Amino acid sequence: MKIITSHERKTTAFVYYFFAFMLLWEWLRPLQEVTDTANTYIFVIFIGVGFLLLFLKLRWYVTFPIKMILILIILHGLYFDGIFFRFLWMEEFIRDIISNTSLIQSGNWNNITSSYRSLLFFILLWLLVYLIHYWILFQKRILYFLLLTLLYITVLDTFTPYDATLAIVRTVLIGFFMLGMLHFDRLKIVENLKVKRTTSIRWMVPLLAFVLLSMFLALIAPKASPQWPDPVPFITAIGREDDAAGGMKKIGFSQNDEKLGGGFVEDDTDVFIHVSADRHYWRVETKDVYTGKGWEVSDPESKLEELTNVAEKLSWTDERVETKSLTSSVTIDENYRHFHLMYPLGLTSIRTDQAMSFYLNQNTELITPFLDNEGSREEFMTYEVSYDLPSYPINEMRKEQRFTDKPEGFIERYTQLPDALPNRVKELALEITADKENQYDKAKAIESYFNSAEFSYETEDVTIPERDQDYVDQFLFETLKGYCDNFSTAMIALLRANDIPSRWVKGYTEGDFIRNINNDEKEYQVTNNNAHSWVEVYFEGVGWVPFEPTKGFVNPYEMTSDYGNVKEQDQQEVKDESAKKEEQTQEKQVQEEKESTSMAANPGFNLFGSRLAHISLYGITLLLLLVGFIFYKTRMRWLPMLIINKYKKRTDDEVFFQAYESLLKQLDRFGMKRREGQTLRDYAHEIDSYFQNGHMSTLTKNYEKALYRRDNAKLEWERSIELWENLIKGTSS
């Protein structure tokens, strides 16, 4: 019998480290799909280097500098400018560490910079590599880490869009093989065995063969169908009620749009408050390259340049387009973690109390007050913007588009589509616009296409395309449901298939009305729920024009007949045409419903035998009961919209009193019942304390004025309708 040689021990250690590296890699694979993390390969390289250094058994005073230098090189390449070995960037890096450490101490996690998050993640991986090394080489155990890995990937597979099918197979294969090898090592230690040189190999080969055979048989063996209802929907529903979101992401602005799709839950976290005279969207940035999975930018290396003159750097419309000059003041919430400007279309100037400089990314039109996030939220909280809000001339947009005034490459940039885009998307685009003769009518036809009954707005049950699927193709031909990203991206793909230049815009809607400041200005609250994406189409002689394909949303921008010549007759024709289309759609839906009802009521329409008919009847009854139960359980989500639609457009003298009573009943359903003998004002204070605003008290005062001065009820309702609507909406959250 021979003692195991040093060479054999190194071979065994190498196998252990390799498989440990593969196991830890499984923790990193999902990050790019379920989080905003990009460039995950750098973390894979780091853990590979960590295991390699352990295998070489170098001293700590050698491995520590190597790992630190590797981390610094990666962080410098990702987040800092300048030459690495001049170390001028280190001063900025140290300031970043100090400022972020203070943020952690104060519990302000949202404002931690990406560079500091990456540094912490590298340190975590460093510790994990050493911990796994200790478990394998000294404890000769891997079961706990294997179970944690399986739990991690199965939870992600269940509650997120990540497909862990292959990950589970790889993990089980690696894990079982390592369990067998480590068990053999423990036996040798406990029994003090001295084995031949080839004994480990003779143990390793049949073990691997047994694991592979077991996996193969498990894959091909027939499997029973599920015997119990899928608990995931119930678990995720409970999670959403508790704001756990069932593993789904929350709505809000995200910088990484490379992989779109998947559901989200609402998030009413405050973003900013603005005082404005008109409703409009708030832009943040644009993107121009559709990849088939999401959006990227054509020039990712584009640098920020100081924005000294807004009018020179940013121009969205032709000088002949009629505009009205407006101003808005903005106050950003102190916990908002992004440092960028939210600004209206037609921006002309930015003013701050500190006379702050602003920087523009010309490629994406992102405006930021700081270079490389070097400032703090306290420095950038409030600002005022001036802008020229345009009215777009329809007659001009219907003219032939030659694009003679645009630089070389403009059309190619904004009509780009991925080579792998399925042909049926292009065929659909041509089918929708077949009878349209100009670019504007084609764009409107595509925009109207998404308002058909086939499409539905959905935020939770939204799928992510598989590896070989196109994001737009899946939405247009398979799911037909989604939110703004689905609708806006699909419209751009259809536009570009018609050679119409268009781009993707991200930002926020106008938000929720809070109060009137004066006759002209109103205050609005914008939250993460108002994050939105829409479409801009370029017209020669007009400029970039916003379009709104998302079902349930209305384009806030005005369309006129021609340059500075807004004829009421032309406007009425546009309105009549829109109303006619809507009426035709409704008639078609009514006809389809009648045909469906007639077919169901026809006693001769029976394709099944009598036994199957009874089963179908029972199934339909159960389905109706289930639908009724779902409607009852979700009434707090859909009932507020019915109440709002019932009263909002009424202008009679009794509407205020009936609407106020409906609000009291809705608050009772919400769980805030008015106590017996409690005055309306006391009850209003209680409601305001819960919602942390003064809407109910203000509404109640107006209600009492209307109650005691009946001749003024209609005017008080007009003043109070937005307060009432906000309170009704508050009960649906």
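Trainee: Which residue is the bridge partner of Asn516 in β17?

Mentor: Lys522 is the partner of Asn516 there. Before we go on, this is a predicted model, where local features need pLDDT of at least 70, side-chain atom pairs count only at pLDDT 80 or more, and totals for chains, interfaces and linings use all residues. Residues are numbered from 1 along each chain as its sequence is written, and side-chain values use heavy atoms, with hydrogens and water left out.

Trainee: What makes β16 and β17 a pair?

Mentor: Two strands (DSSP runs of E, at least two residues) pair if DSSP finds at least two bridges between them. Four bridges join β16 (512-516) to β17 (522-527), so the pair meets that definition. The two run antiparallel and form a hairpin with five residues between them.

Trainee: Why are β7 and β11 called edge strands?

Mentor: The open sheet has the order β7-β10-β11, with antiparallel pairing. β7 (305-306) and β11 (366-368) each pair on one side only.

Trainee: Why is α17 called mostly covered?

Mentor: Buried means under 20% relative accessible area (1.4 Å probe, protein chains only). In α17, 14 of its 14 residues are buried. Just after α17, Asp499 takes a positive phi of about 60 degrees. The buried residues of α4, including Ile71 and Leu75, pack against α3, α5 and α6; contact means heavy atoms within 4.5 Å.

Trainee: What makes something a cavity, and how many of 30 Å³ or more are there?

Mentor: On a 1 Å grid over the protein atoms alone, a cavity is a set of points where a 1.4 Å probe fits but cannot get out. The search finds one of 30 Å³ or more. Its lining residues, which have an atom within 4 Å of a point, include Thr286, Asp288 and Arg503. β4 (282-287) and α13 (410-414) each supply at least two residues of that lining.

Key: Buried means under 20% relative accessible area, exposed over 50%, partly exposed in between (1.4 Å probe, protein chains only). On a 1 Å grid over the protein atoms alone, a cavity is a set of points where a 1.4 Å probe fits but cannot get out, and a pocket is an open set with protein on both sides within 12 Å along at least five of seven lines; lining residues have an atom within 4 Å of a point. Grid points are joined across faces, edges and corners, and a volume is the space filled by probe spheres set on the points.
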